[in-house]
Amino acid sequence: MRLSHLANIIGILITAIGLAMIVPLLSSFYYFDHNYKAFLIAIGITVGLGLSLHGMFRNHRFDFISHREGMAVVAIGWAAVGLAGALPFYLSGYFGSFTDAFFESVSGFTTTGSSILTDIEAMPKSILLWRSMIQWLGGMGIIVLSLAILPFLGVGGMQLYKAEVPSPVPDKLKPRLTETAMILWKVYILITLVLFVLLWAGGMTMFDAVCHTFTTMPTGGFSTWNTSVAHYDSVYFDMVIVVFMILAGINFSLHYQFLKGKTLAFWQDGECRFFLGMVLVFTALVTVDTWVTVYPRIGDAFRYSAFQVASIVTTTGFATADYELWPGLSQVILFACMFIGASAGSTGGGMKCIRLMLCIKYCYRELFALIHPRSVSQVKLAGKTVSDEVMNSVMGFLAIYIALFAVCSALLAGMGVDFVTALTAVASCIGNIGPGFGMVGPAENFALIPTAGKWLLIWCMLLGRLEIYTVVILLVPEFWRK
């Protein structure tokens, strides 16, 4: 493990975050919110520290980066950018402690959307813009963004890509990794621009349209209003955001294929069909369950059900209704959505649909083998046999995911948090959802979670964003040995 090499790369990442703060700094001057000092100091600290690290170790160049170093850079890099992003929050004085500022920052970069703010509308516009920006940057991954730069510094990128996007069947759109990263970002920016135009044209102010665009595309969920998207009470905004949450929850390589003229790209992908079918089925069930019991008109039941199902299953976390007031079946469905998540290769979190599909196929194969002991069957995906290596990785991931969920829930409950809140807070953070139930429901926030609990949930957010292995592996002693 070449620590000097890691420090060099981390320095570059911190510098990039510091430079990104120039945008909210300018907005602070524009809106006269008197928060410019916090951003000036934060920029000075992050850029100064980042350039110092890079300057100290810039001569430590290598032609490649090992698999272990790739995972270390990703895990440590996300923690580092979380710390850097917390500085404007803490220095602004609007956050009670550095723990709260760090929680908000990590929640933003991991696109979780959980917040400790009790009065969002009292925040300066520059702080709200920075909250939205860090979600947009985290959406496609600050590491993937840097892949367009690192090759010019003599740093190979394939190991970083594998650590950042550890889906079972990764898509590589171009032979060169830099080209792949640039394509993904171009698609991401294009869809972002389309959403912004639709929200602005629909009547949102330019500032709100920018912020909600920045938090919809990365499936982040931060809003500029205390009541989230419910503030607008608009069918138009609800439906536009639903469509783009779903688009953000689909593998971005499919968007690229569609834009290249493959009109059936979405339908031909098994995971995409599974994801869209699941959204439709869950929406139908929740609509029927809330019709009459909550909403007298079926149109309203469908509107709010579609929004909440799409918001939770894509791990965005926006809210237009207090779903804790809904019937038990609807709440169970939304709780299940917290675990399932979106598609691999999307900006969403959770276990990912492709893993659930493989798990279902694996379980069916085992049941089939009990009936036909002498049969030889293989798990297939898209007509191709899935290797034992991939299946072992998927089943191992699911087992570790559930085990960590159980352990972290028990730890949070041991800190005095009630049962429902502990379960859903951990499920929300490890799945990068945002709101949960109980003390952290859609009408509440994470402010009342104990300090130790917030640090535990910060770790859960990093676990979810980096899909477990990349973070957990750092705790294995053999990882650091030669």
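1. Helices are DSSP runs of H or I with at least four residues, and strands are E runs of at least two, numbered from the N terminus. Asp 233 is not a glycine, yet its phi is positive, at about 45 degrees. At 55% relative accessibility Asp 233 is exposed (exposed means over 50% relative accessible area, buried under 20%, partly exposed in between, with a 1.4 Å probe and protein chains only).

2. Some ground rules. The model is predicted, so local features need pLDDT of at least 70 and side-chain atom pairs count only at pLDDT 80 or more, while totals for chains, interfaces and linings use all residues. Residues are numbered from 1 along each chain as its sequence is written, and side-chain values use heavy atoms, leaving out hydrogens and water.

3. His 34 also has a positive phi, near 60 degrees, and is a residue other than glycine. Look for His 34 in the loop between α2 (22-31) and α3 (36-57). His 34 is exposed, with a relative accessible area of 66%.

4. Now helix α6, residues 125-139. Its 15 residues reach 21 Å from first C-alpha to last, close to the 21 Å expected at 1.5 Å a residue (the expected span is 1.5 Å times one less than the number of residues). Of the 15 residues in α6, 14 are buried. Gly 141 follows α6, with a positive phi near 100 degrees.

5. How many salt bridges does the structure hold? There are 8 (each is a side-chain nitrogen of Lys or Arg within 4 Å of a carboxyl oxygen of Asp or Glu). One of them joins Glu 104 and Arg 131, at 3.0 Å from N to O. Glu 104 lies in helix α5 (residues 98-109) and Arg 131 in α6, so the pair ties together parts 27 residues apart in sequence. Glu 104 is buried at 0%, and Arg 131 is buried at 1%.

6. A second pair is Asp 238 and Arg 303, whose closest N and O atoms are 2.7 Å apart. Asp 238 is in helix α11 and Arg 303 in helix α15 (residues 298-313), 65 residues apart. Both Asp 238 and Arg 303 are buried.

7. Lys 352 sits in the loop between α16 (328-340) and α17 (353-371), and Glu 467 in the loop between α20 (451-465) and α21 (469-472), 115 residues apart. Lys 352 is buried at 4%, and Glu 467 is buried at 9%. Returning to Asp 233: salt bridges that share partners join Asp 233, Asp 238 and Arg 303 into one network.

8. What about disulfides? The structure holds 0 (a disulfide is a pair of cysteine sulfur atoms within 2.5 Å). For Cys 337, the nearest cysteine sulfur, that of Cys 353, is 9.5 Å away. For Cys 429, the nearest is that of Cys 460, at 6.4 Å. Cys 337 is buried, with a relative accessible area of 0%. Cys 429 is buried too, at 0%.

9. Last, a side-chain contact. Thr 424 is in helix α19 (residues 419-430). The side chain of Thr 424 reaches the backbone oxygen of Val 420 at 2.8 Å. Thr 424 is buried, at 4% relative accessibility.

Note on methods. A polar contact is a pair of N or O atoms within 3.5 Å; within protein, one must be able to donate a hydrogen and the other to accept it, and residues adjacent in sequence count only if both atoms are side-chain atoms.
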